[in-house]
Structure formats: C-alpha cells, structure tokens
There are 2 protein chains.
Amino acid sequence: MIKPRTPPGVMELLPREQIAFQRMLDTIRRNYERFGFLPVETPVFELSEVLLTKSGGETERQVYFAQSTGALEKEGEGLPELALRFDLTVPLARYVAEHEHELAFPFRRYQIQRVYRGERAQRGRFREFYQCDIDVIGKDALSIRYDAEVLAVIHAVFSELGIGDFTVQLNNRKLMRGYFEGLGIADGEQQALVLREVDKLDKRGADYVRETLTGEGFGLSDEVVGKILDFVAVRSSGYEDALAKLDALGQGSDTLNQGITELREVLQLVHALGVPDSDWCLNFSIARGLDYYTGTVYETQLDGYPQIGSICSGGRYEDLASHYTKSKLPGVGISIGVTRLFWQLREAGLISGIEESSVQALVALMDESRMADSLDIARRLRAGGINTEVQMEPKKIGKQFQYASRAGIRFVVLCGDDEAARGVVAVKDLQREQQFEVRRDELASALKVELEQARALAGRR
Amino acid sequence: MIKPRTPPGVMELLPREQIAFQRMLDTIRRNYERFGFLPVETPVFELSEVLLTKSGGETERQVYFAQSTGALEKEGEGLPELALRFDLTVPLARYVAEHEHELAFPFRRYQIQRVYRGERAQRGRFREFYQCDIDVIGKDALSIRYDAEVLAVIHAVFSELGIGDFTVQLNNRKLMRGYFEGLGIADGEQQALVLREVDKLDKRGADYVRETLTGEGFGLSDEVVGKILDFVAVRSSGYEDALAKLDALGQGSDTLNQGITELREVLQLVHALGVPDSDWCLNFSIARGLDYYTGTVYETQLDGYPQIGSICSGGRYEDLASHYTKSKLPGVGISIGVTRLFWQLREAGLISGIEESSVQALVALMDESRMADSLDIARRLRAGGINTEVQMEPKKIGKQFQYASRAGIRFVVLCGDDEAARGVVAVKDLQREQQFEVRRDELASALKVELEQARALAGRR
C-alpha cells in the first residue's frame, strides 16, 4: 500500500473549491473573449534549446526538464531535450514567430494554462500554477491605443470577479526614464539601482531611503533625492487630476515628453472606454521588469488587501521575439496569476467554500418503483439546460436532502405516486427554503427562471 | 537566431482551429456538468513512487519524468522524484484515496486535462493529448444504474458535438466470461488469448481465425470455435431486439446469468433515459482492457467513419484504488481522447477551418476623429454580451471588411458622422450578406437576437 499524496508546491482542490476556482477561470476567459482576444494553447513542454534562449537568469535555474524513460536510460551530455514552460510569454514569442505568416496582425491572443517553476517549497509558493495572459502583438508598430484597451480588460475582469474594490495603477517607463535623465541619472543600470532602493520605502521608510541615496554608494544630492521621492509618491485621483499631474511635469527630454504624451492618450481612451475614474490611478513608482517593459506599465491592487500585492500586472514591450525572428514585434500584455490569487483570497477568508454547486437539481428517489420516472424527469431537466443529478440508490429521504444541502445543490425535485398521477412534481428550493409544485413539462423552465433571477441579483450586488 | 518550432508529437493549433477545438471541449464539459458531474483537476506531475505503482507495463516505459535543474545537477540513484501523468485514471485513484474522507460517495467527477506519453513519433500519435473523463466511484458498492447513466452521457455529448451519426456499442465482461466458461474456456488468460485472435476477424477474416483457434496452439473443437464466432458476431438492432438477443443466450453459469441481468437492467434504464434506439447497440465482441474492466464495457463509433475506431470507451471496474487504500471503490467511467478525435476529424475533412470566430463584431474605424466613439460603441456591445474587437488603427475600409471576413467575424459595425448625428449605427452582417441600421442603444440586443437565431438554426440541423 502506498500513501496517496501530491508533490509539494501544487494546489489541488476539493470539488467545492474547484467549482469556485473554475468560475474564476471562466470569468477571466469570458472577459478576454468579450474584448475580442483569440484562444491559443501551447504544449506544456518546449524544446530546451528553443525555450532557454534568454538564459542565465534565476528563471532558468527553476526550469523543469522532461525526459521519457528511454531518454533517461541513454543518459545525457548537455541539457535534456524538453523543458516545461515557466511562463506564457516565451511560448507566445515562439508561437508568433513560428506562425508569423499565418497570423493576422495586430495579433490578439489570450492563453490560460499552467506553468512550472522549481520554486523553493514554501507556503503560498507554487511549482505549478495558472497564468491567464492576454497580449496584443503588432508587426513593426503597434498603436498606443491598445494600451488603453488592455486596461479596460483588466477592469472588466476584476469587476466581474467580484472580489472587492480594486485599483489599476498605471505608469510609463519612458516618463520614468525621462524624469531620471532630467535629474542627471541617465544610465539605465543606475536608474534600476535607485529604483530598487525606492522600492524599500514601504518597508524601511523615507529616512532610510534618503540616507542610502545620498550616501557613498549613490552620492546623490539632497535636492535630487527629494525630487525622486516626490516623483515616486505621485498618485492621481480621477481623470482631471491625472491630466493635471501630467501637466505639472512640464517639458523635459524627448523621452519624458513622449512618456507624457503616451500616458495622456491612454488616459483619454480609458475614459472613452467607460472605465470609472475611481478604479484606476497614476502611480509614478511602478516600474515592473526594468529590462523588459519600455512604455506603459500596469499593476492592480485589491483596495482592502494591499498586502496581497499586485494581482494583475503587465505592460508594453519593444520586441517580443527577437530570438526567433528578424521581424520587429512590439506588444502590450498582462498576466493574472490566478492560482496564487485564489490561494490568497482563500487565506483571507474571501472564498467561503460554500459556493453553490455546479449541480443545480437533485431528483430524489422516493421509492424504488419510481426509478424510471426519475430518469425521465432528469432527462427533461437536462434538455432544458439544468445541471441535474439523480438519486440512483434507495436512501432515506432525509439523507437525500442532507446530501443536497451539504453539496450546495439548490433544488430537490420530488415525484411520488400522488404527484405522478397529477402530472406534477414538488420542488424544494433549499436556498430560499420554499417548496412549490409545478407541472412536469414546465419544470425545467421554472427552475431556469429561478436561477436567472438569482444570477441577476448576484450581478447587482 | 533560433528556429522557432514545437517538439514532435504535440498538436498546436492556429487560432481558428483552436476556436473549433475549444468548442468541442466546451461541449463535452457542458454535457458532463449537465449530468451532475463535478470538476476535478490534478497536478500534471505526481510523485513517481505514487504514480508508478501498477508498474511493469508498456505505459511505464512511456512515462515522462520531470526534474528541476537542481535535481539534474544532483543526478540520481533510482527514478526521478516526479513523473507526468499518462492518463487521468491513476491520478483519480490517488485523488479519491487521498481525499476519501472529504468526498461524498457515489463520487461523480469529470476531468478534462492533458496527459503525456513518450509514444514513438508518428503521424497521428501524440505525446501530449487531452483526455476528457467521467467516473462514478462508489464506496463498497455501486449501483448498476450508473452504467446506464454513463451511456446517456456519451449519447448527449456526441449528439451535441454534431460530428455525424454514431453508435454506442455495449457489452458486459461477465456475459462474455460466462459464455466462454460455458464452452470450457474457463481460464481468464486463455480467454484473453482467444479474444486476441477474434480481434483479427476484421483484418484476417473468419477462415484465418477459425484455423488458428482449431490449430495446435489452441486446439479448440470446430463446434466451440463456431459458437465463439457466432457469439462475437452478435449485434442488436433496437431495444426489443437487444432484449431478445439476451433472452436467446438462455441460462448458463452464475457469471453468465449475472452478465445478462446487468445488461438487461442497463438497457431498461437507457430506454427510460430517452436514448434513441438507433444510437446504441449490443456488440458481444467488445472486450476492452481485459485485466481492468469487470462488467459493462462501452465503445463508440462514428457510423460514417468506422476506420477512426472507438472515439469514446470505458466500462465498469471492481476497485479503483487498491494500491492506495483498503477501501473497496468500484466505479464506472469513460474517456474521450479529444486531441486524437479532433485530428482525425480534421484529416477526414470534417473540420472546415472556416469556423465562425469567437469574435462576433468588429467596430470599424471610419475616420480618426471617430475613435472615442468607436470605443463607446464597443463598450455597449461588450456590456450586452457581444464579443467585440475594435479597429484601433486607421486602415482603408475595404481592408477592414476583408479582415473581418477572413477572420470569421460575422458583424461589422460602422458609425460615420452621419450615423452618429442620427444616433444610429450601420451593421453589415457578413454571414447573411445584409446591411441594416439600428439605434445605438439597441445595437447589442439586436445582434444578440441574430446570434441566437443562428444558434437555434444550427441546433436544428
């Protein structure tokens, strides 16, 4: 006998939780599709030499390799042939480069798949987790307008997920770079080092950061450091204020001016797209991956749970697939790490674990002789679009109700000899604690109406 | 520059095909849920010692192992720690045993995930492919009634997939075993050997099989071989005929009688579940995995494409998880290998590649000045449930129509200065080749009506 257990670092759910998780995935996908993004799936493994081009970083040390028994026996010089994807961006780059001549540009794809990283085993760290990505890829050029649309997608997703108030925070790497240049910090690497210190503001406080930046290593003047700290503290509040915050930066280097122009256009279109002012803001401290993003950058925070950190991030990049093709493929995209998000929401008590089941009705078995009739009722319910389970084995009726209640099944349908003779069924609505009778041929549509009412109510919350 | 390419043995699709594939997955899932099955997902890798308990078979030689860079460096005595799942049955066994005390039995789960096998590289053989499984697992016992329900699920799935007429073929291992015992072939292994020869009927013909079975190795009498060939040739046609075919077997050993009783009950309930007579039949030659299935067995054939083989198979087994728990867990289940099915349908020309896009409307850009207005129209469409793409960059209007047409987007929405002034938009329906005007605030509902009409028509086909 072998002890059944999962490897460390994976999130495996019981059915009730899996239903809640699946609803999150479905909501994300529905909104991605609503904005016209097309589905792509790539294989879980790529050829190692194709996947590991960027190489060298920490990511590569976390890569999983896959080998069949045959390959293991042969043993190897060098890396195994196959490696598991560690994100969805490198597979996207490979996909777009490989199918470049069969795709229409701008190419708008969504991809919802699991990725693999050999993280150190630790609570809340996953070796297997879902990423839900969208990207718009242009050929040679890509309009800044897509940067606004991507923000609208983030907004639509988190509005419908209904996990609380959130704020999409927006910045632009050119704006940031231009501002630093204006302060005499022109070197990209130097900027990165300064920003790393600035990132410690929350944890160490302003005094610590000021001391470090004016200290020996950096040697910046009090004035410059003051300006940096003022700059990264900027948050806008509403559309007009955001435009004013941009105006207040005045004129500067070409880079700064371009950043301001880009951000201003993005804000105007975000406005036109109907994203409410209260749900986004400028945040001049956001930098994201410094070696990758080149323009707009996004982070998203749950207002009530800032400690969770960004739940959806991304930005604009200059060239997606320079390792695979000579074509210039600029893009803008975001990623939702939904496994970690779900885990965090559960930890915060925001996933109740008493979600309504995906099963909507249980046809109870009153008596052995009524089995065939139960199946007929179930057939009608299913044909009418109601997810239905049938009690197949005799069991006390109280136990059947108990089961439905524990499982989160809303309706229990009863049909004894009396109901059958009258052509009706009795329905117990466990959610509203009501019982009613309905004609058998109207059962499915009656339940559908009830379910749609509940959905409409939930939507209004 | 590295040549972008996928490893051999995977199926990667272009967006148009991916949409068609995704629709198949969605249809399968919808029907699994309609019958009250609950979602389960398991990690792609399991601990090797947990996954490879049954060991020894060909499957194990095809297993992929996963190792992080760290593990590779340490090198190993013995097997790597992690192995990729090669089916969904072993992970289900591990899952049910691990969570036994948190699950309600009978436990009804569906699982739609990819599995991995180091197959020899060959056209139509995949190293990564989707399986779509349902299983009902009982504790200690499980009513035969579920065997009927599972057949109804198969029927519902393939009816809605709309890939042509199909027949679910049904048999029972006890019936088969009992019949063979009655002929003096009592040993299970001997039965398996005989069946393996019988399986060659299609390819080698009856004479060849008869010669082999009466020949030295088997030494069966002409009479016995005649009875075997008659038995495995039995196919029923309709409900009454199926019951008659069972009656014709008469009385025999307990095993035979039990098989007949089980099949008869399954047929009665299949009938009660409203599965049309024309869509299933008895086929006494079906055996499936001889060491695994113990009762009902299913195979499913596309009537017009028998050469594709079984597109959905499964059956009843005695004990799911004997390697992991002392509890007896009998079950019944089926699996659809949808990657291979999709590939075969495409090879047979049954997937046109001109599927309607998941994007339903394109808001055309008539003039730069109308950009913000386009976004407002798109916002209304999306809020009304229409998957909408916006033309973000200026382009000749003819090119915009060409793009929509090639992409399979049905509606192009146009709003010039004139339309804007009158509060209307023009809609071009590329499918019905019609153009109409509609008030802007009625646009989404108008398109929704059109799309639902099309869906209803498609359903009626």
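Helices (H or I, at least four residues) and strands (E, at least two) are DSSP runs, numbered from the N terminus. The model is predicted: local features need pLDDT of at least 70, side-chain atom pairs count only at pLDDT 80 or more, and totals for chains, interfaces and linings use all residues. Residues are numbered from 1 along each chain as its sequence is written.

**View 1. Helix 7 of chain B packs on helix 13 of chain B.** Helix 7 (residues 173–182) and helix 13 (residues 254–272) of chain B meet at an angle of about 150°, with axes 7 Å apart. The two are therefore roughly antiparallel (angles over 145 degrees). Helix 13 of chain B is passed in a left-handed crossing. Helix 7 of chain B contributes residues including K174(B), L175(B) and Y179(B); from helix 13 of chain B come T255(B), I260(B) and L263(B), among others. Contact means heavy atoms within 4.5 Å. The contact residues divide into 5 nonpolar, 4 polar and 4 charged.

**View 2. The largest nonpolar core.** This core has 111 residues. Its members are buried Ala, Val, Leu, Ile, Met, Phe, Trp, Tyr and Cys residues joined through side-chain atoms within 4.5 Å; buried means under 20% relative accessible area (1.4 Å probe, protein chains only). L381(A), Y32(B), F158(B) and I336(B) have the most contacts inside the core. Helix 6 (residues 145–161) of chain B gives the most, with 11 residues.

**View 3. Surroundings of Y32(B).** Leaving aside neighbours within four places in sequence, Y32(B) touches residues including F37(B), Y110(B), D133(B), V157(B) and I336(B).

Note on methods
Chains lettered and ligands numbered in written order. Heavy atoms only, no water. Axes fitted to C-alpha atoms, helices over the stretch in contact; angles between N-to-C directions. Parallel < 35°, antiparallel > 145°, perpendicular 65-115°, else oblique. Left-handed = near helix turned anticlockwise from the far one by under 90°. Nonpolar A, V, L, I, M, F, W, Y, C, P; charged D, E, K, R; others polar. Buried < 20%, exposed > 50% of the residue type's maximum accessible area, 1.4 Å probe, protein only.
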